Amino acid sequence: MSETIPMHIIARIRSDFPTKFGIPRQSGLADAPARIVFEPPYRNADALRGIEDFSHLWLLWHFSEAERDGWSPTVRPPKLGGNKRIGVFATRSPFRPNAIGLSSVQLAGVDLHTPEGPVLTVRGADLMDGTPILDIKPYLAYTDAHPEAAGGFAVEALQRTLPVDCPPDLLALLPADRQKALLSVLAQDPRPGYQHEPDRIYGFPFAGFEVRFTVADGRLTVVSIQPAEAQ
């Protein structure tokens, strides 16, 4: 028997990633700042009372840009080149029976009095700008952290980062607090796992800029960074 569970969008993220391309593949991999802006029914400072005592939070959110009809018991993780199937419940693929994401982020600031109501500033989010947030919970290291846990195929893939060549004059075009985040995103190789053309120029929007790069001989080279409106 089909059953519907009511859910409510409590907030939306405001991040530097307006498209899916370029978003870090997991939370915490890039030190990019983002803001959590609550929807009007939940703009209540009392709901955040005590949250400043926690250093990290769990975000439960909706894969709003990855919905599709039906589901498949297996998926092709980009980390494995997009050509090997793994059970959907052994991955964090967005293509799931329920399109729910889970991210651990650092709480960097709490502002209870803004024109948009209470706002949380976080770091390390892997959410596209505008993503609906379904719930926020405090991260508890004594129960949520398991340093000895096995990471399967995801750990091996994480170790394969790229050296990044970005001319200083290009990097300087970005705000200082976005430069480290961009380099972290690029080092993770934003390309789809099945694309390896050395002459191809890839690009994605980030923090109001369009970043273009190539990858050849195991190195990523930034070829341009321009204000997005100039494209």
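**Strand pairing and nonpolar cores in a predicted model**

Strand E1 (residues 11-14) pairs with strand E2 (residues 33-38) in the antiparallel sense over 4 bridges. Two strands are said to pair if DSSP finds at least two bridges between them. Strands (E, at least two residues) and helices (H or I, at least four) are DSSP runs, numbered from the N terminus. The structure is a predicted model, in which local features need pLDDT of at least 70 and side-chain atom pairs count only at pLDDT 80 or more, while totals for chains, interfaces and linings use all residues. Residues are numbered from 1 along each chain as its sequence is written, and side-chain values use heavy atoms, with hydrogens and water left out.

Strand E2 is mostly covered, with 5 of its 6 residues buried; buried means under 20% relative accessible area, exposed over 50%, and partly exposed in between (1.4 Å probe, protein chains only). E2 also pairs with E7 in the antiparallel sense, over 5 bridges, and here Val37 stands opposite Val119 in E7.

Strand E7 (residues 119-123) is in turn joined to E6 by 5 bridges, and these two strands run antiparallel. Gln106 has Arg123 as its bridge partner in E7. Strand E6 (residues 100-111) is also joined to strand E3 (residues 56-62), by 7 bridges and again in antiparallel fashion. The partner of Leu60 in E6 is Leu102.

The largest nonpolar core has 24 residues, and those with the most contacts inside it are Leu182, Phe204, Phe206, Val222 and Ile225. Helix H3 (168-171), H4, E10, strand E11 (209-216) and strand E12 (219-227) are the elements that give two or more residues to this core. Apart from it lies another core, of 21 residues, among them Ala11, Leu107, Ala125 and Ile133. A nonpolar core is a set of buried Ala, Val, Leu, Ile, Met, Phe, Trp, Tyr and Cys residues joined through side-chain atoms within 4.5 Å. In soluble globular proteins, nonpolar side chains tend to be buried together.

Contact means heavy atoms within 4.5 Å. Not counting residues up to four places away in sequence, Phe204 touches several residues, including Phe21, Leu182, Pro190 and Phe213. Asp189 is found in the loop between helix H4 (176-187) and strand E10 (202-206). Asp189 counts as buried because its relative accessibility is 14%. Leaving aside neighbours within four places in sequence, Asp189 is in contact with Arg25, Leu162 and Val215.
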